[in-house]
Amino acid sequence: MQEENTVHFYQTGTFTVGNRLLAEQQKTLQSSDHRYNSLNSGHRACQGCGEALGARYALDAALAATGGRLAVANATGCLEVFSTPYPESAWRMPWLHSLFGNTAAVAAGMAAAFRIRAAKEGKSPVRVVAQGGDGGTTDIGMGCLSGMFERNDDVLYICYDNEAYMNTGVQRSSATPPTARTATTMPIPGYEGNEFGQGKNVPLIAMAHGIPYVATATVADLHDLERKVTKAMQIHGARYIHILVPCPLGWGFPSSKTVEMARLAAETGLFPVFEAENGEITGSYKIRRQLPVEAYLKGQKRFAHLFGKRGDPATVEHLQRIADRNIEKFGLTALSDEEPEGLFRSLVEPKGEQEHV
């Protein structure tokens, strides 16, 4: 049953004008008899919500990879608020709401309990996914997340990164990019929004722990996202996937542009898409033609102060240098045959060889 669900995961459903020109295995279908539909209709996400899109595809892939034997711990945040207003729930799997900052610890406890019960029953354990936004991951939950990594608990942690605390009023988080306008980083003369040199790069922090698998993804490439989640569920131990999920409300762009914004983040190099195993980069998304950062920034109101008559070309150039450095560091150029450069290629000791299911 598990193999059948996995093989036919993308292959049936409604054929739209765009999809009909693609091969069966390339289609991305939201309507399908073979999808688990982990996040059901009726939730209260904003129109064009990148987090709802990312969560549905990520957890559908996790359910398919485990044959439906999956339980989820969810941090407080946008995803929890719009999907489970008491007493309703849009989730179609065992789902537990944790506190804002302890999701990784709760998920670790769930995994331990499932492992003990499975040993008593002579069965394989139910697998566990923990998920939260950037606030509950990079800020409030950082201590519990690091502990999960250090213990190498058998949990896949997924961070849906919309780069601010969106459901509480668009306040800055440690994932907010430099110069972005938020409610707590309002641009004024002499201050161009969120400052450079602050924040955390959690995928690199995860790599520094030497855990079996780390990956980044965006909602612009759902097949890539599903592939990485499927791969992660075939590995035991601590795993981390960081997904960029643009927010129309907080970023200030039309709700029809969510996927486009995610694609531009990758194509400019501002959001590097890569995979790493045991602390070393093993692959990265190759940019065919690098776009200037302006192509990404100008479509968002949170960066509007950088352009126009009172614009700041020097700050835009600073952001361009960051994108160029990401391309060099993570080996994102399509024509480069060199190994990806990075601090962690041989710096950390791995947790040990991957244990596959």
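Glu-195 lies in the loop that links β4 (156–161) to α7 (202–208); helices (H or I, at least four residues) and strands (E, at least two) are DSSP runs, numbered from the N terminus. The model is a predicted one, in which local features need pLDDT of at least 70 and side-chain atom pairs count only at pLDDT 80 or more, while totals for chains, interfaces and linings use all residues. Residues are numbered from 1 along each chain as its sequence is written, and side-chain values use heavy atoms, with hydrogens and water left out.

Glu-195 has a relative accessibility of 39% and therefore counts as partly exposed; on this scale buried means under 20% relative accessible area and exposed over 50%, with partly exposed in between (1.4 Å probe, protein chains only). The side chains of Glu-195 and Gln-198 are joined by a polar contact of 3.2 Å. Such a contact is a pair of N or O atoms within 3.5 Å; within protein, one must be able to donate a hydrogen and the other to accept it, and residues adjacent in sequence count only if both atoms are side-chain atoms. Pro-178 is 17 residues from Glu-195 along the chain, yet their C-alpha atoms are separated by 5.3 Å.

Turning to the strands, β3 (residues 127–133) is mostly covered, with 7 of its 7 residues buried. One side carries Arg-127, Val-129, Gln-131 and Gly-133, the other Val-128, Ala-130 and Gly-132. Strand β1 (residues 70–74) runs parallel to β3 and is joined to it by 5 bridges; two strands pair if DSSP finds at least two bridges between them. Within this pairing, Val-72 stands opposite Val-129 of β3. Strands β3 and β4 also run parallel, joined by 5 bridges, and Gly-133 has Tyr-160 in β4 as its bridge partner.

As for the cysteines, the structure holds 0 disulfides, a disulfide being a pair of cysteine sulfur atoms within 2.5 Å. For Cys-49, the nearest cysteine sulfur is that of Cys-46, 6.5 Å away. Cys-49 counts as buried because its relative accessibility is 18%, and Cys-159, at 0%, is likewise buried.

The chain has a mean pLDDT (the predictor's confidence in each residue, from 0 to 100) of 89, and 86% of its residues reach 70 or more. Over residues 1–17 pLDDT stays under 50, and the model has 33 contacts (heavy atoms within 4.5 Å) beyond four places in sequence for them. Where pLDDT is low, the predicted coordinates should not be read in detail.
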